[in-house]
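Please open the model in your viewer and keep the selection tool at hand. The tour below moves from one selection to the next and says what is found at each stop.

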Amino acid sequence: MSSLAAGAQHDEVHAVLNALAPSFRLVPRELSLHRVTVDEWGHQHLRFRQQKDGREVIGSELLLHVDAEGNVYAANGSARGDLEAPRRVLFPLEAAVRVALGDARSLRVTASRDPRLVYLRTETPDGLRLAHEIPVEGVRAGLPVDELVYISAEDGLLLATHSRIHTVLDRAISSAENGISVPGVFRRGEGQPATEDSHVDLQYEHLKTTYDCYQQNFRRDSYDGAGAQLKSTVHYDVGHVNAFWNGTRMIFGDGDGVLSGPLGEDLDVTVHELTHAVTGSESGLFYTNESGALNESLSDIAAAFCASWTRRWEMDAEVWWMADHIWTPATKGDAMRYMDDPTRDGTSRDYFPERYVGTDDNGGVHWNSGIPNLAFKLLATGGTHPRAKSSQQVDGIGIEKAGRIFYRAATILFTPATDFLQAKTYTEQAAAELYGAGSAEKASVTQAWLAVGVGGLGSPTTPVAELVSGKPLDGLKDDTAGGTRYYSLQVPAGVSHLFFETSGGDGDVDLHVQRSEQPTLGTYDCRPYQSGNDESCSFHEPAEGTWYVMLRGYSAYSGVRLEGRYVLKEDATELRDGVPLKPLSGAEDSQRHWRMDVPAGKGLLSITLRNGVGDADLYVKFGAAPSLTDYDCRPYSAEQEERCPFSQPAEGPWHVIVVGYGTYSNATLEAVLSPATALP
């Protein structure tokens, strides 16, 4: 157990990082302390941002969690040190700015924060992308814009857009007639009397209720935890059916009287927008794809929590209906979103396998928020999926406990790129910290996520096809992005190496492998992160049992080959003294295994790999087959010849592995033994 004294002193922090960073394949000097928060138990939670080659890695954080005695009891995060990172800028900044601004003349690069070169972790399997980060402000389609645009410094492609404005509605209704200047005219400050303007006065009251909800339940002093002034602007634009947090204040439209009334007059909307500020102050969840959906969901969850708190933890239907007090004023009994039945609004999703995958709505930030929304609701009330998409029963724990669990996970464990599967893990951890590792509360968190299809072994009806070692399956296909197919291979005892490979065909399939349980997007033993269909996973001396494979279409794919095979320890091909093996060939990431029994009394064992075309790597180990990380010799040569010499080699079995760093052919492997008298 590592120790860290209160106050997180510089030397002690780096002593802990030196011990823990290698587990994440990180170099401690590439991590910088970004923020330290202290919870109600006196535990410190340290957020470190990652840098690589002197550039910030956007979306990569490492968190250390330290108890009141100074013991580091947990670490988590998205930072990884083993991702490929290009260094050359091929697409200049000036051209990248033009791409970021597009054709909108009202957009501009903000002068308050200069563009910079960064690395960006994307959701594609390409590792890190070198990108121009370009801050953009202005107006688009009548709505304010404040976003960070990431343009590839390699080819000029738009990689990501991280909006710093978080809207409550998934609409683009606007009018540029007047009233889009903020902050506007000051109307009412702390302690001042009512103005007789209902939008101003109700917003004033809702801000206090929101502040009190956070302060009394979580000891949080304003959205930043440090007493920041709560700023709002109401009467924004004409007929504006929207509300948003712009990074410094909340802004509310008056609605159009048909779709909505004044948005600032609804407590749900106020809590929702202020919670975007809380999220921005803590995890900084990216406002795109699954992390953006979690960002939206946390705001809805906080709105339901605070609404219930004002009513002594009531959990009737109105608690789960968002903005119902101002939505469609002429129609009673409806709402903008329904946490208890998300698909009722016509656009939201409520089951992870059916989530939206695309570019609209910032990757479905509003639509997919229904999935964690429903998980939270079921955690609070108990029950089953409202559309019977799963049969999972959830034991309710009440909205107060559910809110405390999600708040702790969101503020202590989430990182900018947290996805749904990670959110499941982090809320389970938060429940264990609050109520115990074996608690009913933690079990209910797991049940709630399983009920909406996040985590676990998948649907019991999911077919699992059996693989036979060395017999590939050809012509595999899936016409949908995000589609999953499952396979299994029974691995006996006494195996030296286990391999799984996909190859050929069109499109892009992703390989996931895990022992004993079906892998998911967030849980696996191997996930190669390669583009295209050529992916492989290898395991040295794998455990006996069932190994599962998940193929997931990053995009539609067809004509793919899947093969699983293992090599028994006694099946290693014999390597004989002075007898060259040629020509050898193999695919990228392929592994071939030889064994040589060396008698006693030899003065030199020399094992040489001569590359023909391509690049193969040599690994040698005495007594057991080497792996990519466990070997006695690994030359690391970029030349056409790799050689492992051993003086006075031990008597017994010597094992050789040849690994395809890339595709190779016409290579030669040779082992030569020399007697002791031959030594100089």
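Begin with the aromatic rings, of which 18 pairs are counted when rings of Phe, Tyr and Trp (its six-membered ring) are paired if their centres lie within 6.5 Å. The model is a predicted one, in which local features need pLDDT of at least 70 and side-chain atom pairs count only at pLDDT 80 or more, while totals for chains, interfaces and linings use all residues. Residues are numbered from 1 along each chain as its sequence is written, and side-chain values use heavy atoms, with hydrogens and water left out.

Phe376 belongs to helix 7 (residues 370-381) and Phe406 to helix 8 (residues 399-413), so the pair ties together parts that are 30 residues apart in sequence; helices here are DSSP runs (H or I, at least four residues), numbered from the N terminus. Phe376 is buried, with a relative accessible area of 0%, and Phe406 is buried at 4%, where buried means under 20% relative accessible area with a 1.4 Å probe and protein chains only.

Next, select Phe646 and Trp654, whose ring centres lie 4.6 Å apart with planes at 50°, so the pair is tilted. Both Phe646 and Trp654 are buried.

Now select Tyr214, Phe218, Phe305, Trp313 and Tyr407, which form one aromatic cluster.

From there, display helix 3 (residues 198-218) together with helix 5 (residues 289-309), whose axes come within 10 Å of each other and cross at roughly 85° (axes are lines fitted to C-alpha atoms over the stretch in contact, and angles run from 0 to 180 degrees between N-to-C directions). This makes helix 3 roughly perpendicular to helix 5, a term that covers angles of 65 to 115 degrees. Among the residues that meet here are Tyr214 and Phe218 in helix 3 and Phe305 and Trp309 in helix 5, contact meaning heavy atoms within 4.5 Å.

Finally, select His199, which is also in helix 3. Is His199 buried or exposed? With 1% relative accessibility, His199 counts as buried. The side chains of His199 and Asp254 are joined by a polar contact of 2.8 Å (a pair of N or O atoms within 3.5 Å; within protein, one must be able to donate a hydrogen and the other to accept it, and residues adjacent in sequence count only if both atoms are side-chain atoms).

Note on methods: Helix = DSSP H or I, 4+ residues; strand = E, 2+ residues; numbered from the N terminus. Buried < 20%, exposed > 50% of the residue type's maximum accessible area, 1.4 Å probe, protein only. Parallel < 35°, antiparallel > 145°, perpendicular 65-115°, else oblique. Phe/Tyr/Trp six-rings, centres within 6.5 Å; stacked < 30°, edge-to-face > 60°.
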